[in-house]
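Biologist: I have a model open and want to learn how to read it. Please take me through it feature by feature.

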Amino acid sequence: VIPSTEVAPFVDSILRPGVENDFAEIVVGLDFAAFEAALAQHDRMVIACGMFVPNLKEIIAEIVGKSPRAKPVWIHSFSAGVDHLLTPEVKGSGAPVTNAKGCFSHSLAEYVLCGCMYF
């Protein structure tokens, strides 16, 4: 389950063309309707939250709260913070919520140093 606005680059980086994927179904969308059929077929889900998704908090809460069968086993945010995801539905799910803290540290430090050297 991937709430994201950038569908093709993300999915292409996970799935290799011509290789059948029989262990997971990757669903990308921006509302509950996009995920509803997949959530009814599976009993577990991993949610990976993209950055800059409008109404992300509401989308995640709806996916976790209204899922007929699938229960979240992990919720991951590509941004540094997760406070915006901690709705009552997410807190009650028992799934660990992780983030991408530090993954941009080196590139950001290089950017700052290059900016300092510019002047």
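**Reading the model**

Modeller: Start with one residue. Leaving aside neighbours within four places in sequence, Pro96 is in contact (heavy atoms within 4.5 Å) with Val73, Trp74 and Ile75. This is a predicted model, where local features need pLDDT of at least 70, side-chain atom pairs count only at pLDDT 80 or more, and totals for chains, interfaces and linings use all residues. Residues are numbered from 1 along each chain as its sequence is written, and side-chain values use heavy atoms, with hydrogens and water left out.

Biologist: How far apart are Pro96 and Trp74 in sequence and in space?

Modeller: They are 22 residues apart in sequence, and 5.2 Å apart in space from C-alpha to C-alpha. Pro96 sits in the loop between α4 (88-93) and β5. Its relative accessibility is 45%, so Pro96 counts as partly exposed. The classes are buried under 20% relative accessible area, exposed over 50%, and partly exposed in between, with a 1.4 Å probe and protein chains only.

Biologist: How many helices and strands does the protein chain have?

Modeller: Five helices and five strands. Both are DSSP runs, numbered from the N terminus: helices are H or I with at least four residues, strands are E with at least two. From the N terminus on, the order is β-α-β-α-β-α-β-α-β-α.

Biologist: How do I read a sheet?

Modeller: Strands of a sheet pair through backbone hydrogen bonds, either parallel or antiparallel. Here, pairing requires at least two DSSP bridges between two strands. An open sheet of three strands runs in the order β3-β4-β5, with parallel pairing. Its edge strands are β3 (44-49) and β5 (97-98), each pairing on one side only. Six bridges join β3 to β4 (residues 71-77) in the parallel sense. Met45 stands opposite Pro72 in β4.

Biologist: Which helix packs on the sheet, touching β3 and β4?

Modeller: Helix α3 (residues 56-66) does, and its direction makes about 180° with that of β3. Such axes are lines fitted to C-alpha atoms, for helices over the stretch in contact; angles run from 0 to 180 degrees between N-to-C directions.

Biologist: Which residues of α2 are buried?

Modeller: In α2 (residues 32-41), Phe32, Phe35, Ala38 and Leu39 are buried. They cover an arc of only 130° around the axis, which puts them on the same side of α2. That arc is taken over directions from the helix axis to the C-beta atoms. On the other side of α2, Ala33, Ala37 and Gln41 are exposed.

Biologist: And the nonpolar core?

Modeller: In soluble globular proteins, nonpolar side chains tend to be buried together. A nonpolar core is a set of buried Ala, Val, Leu, Ile, Met, Phe, Trp, Tyr and Cys residues joined through side-chain atoms within 4.5 Å. The largest one has 19 residues; Leu39, Ile47 and Cys49 are among those with the most contacts inside it. α2, β3 and α3 each supply at least two residues of this core. α3 gives the largest share, five residues.

Biologist: Is Thr87 buried or exposed?

Modeller: Thr87 is buried, with a relative accessible area of 4%. It lies in the loop between β4 and α4. Not counting residues up to four places away in sequence, Thr87 touches Lys57 and Ala61.
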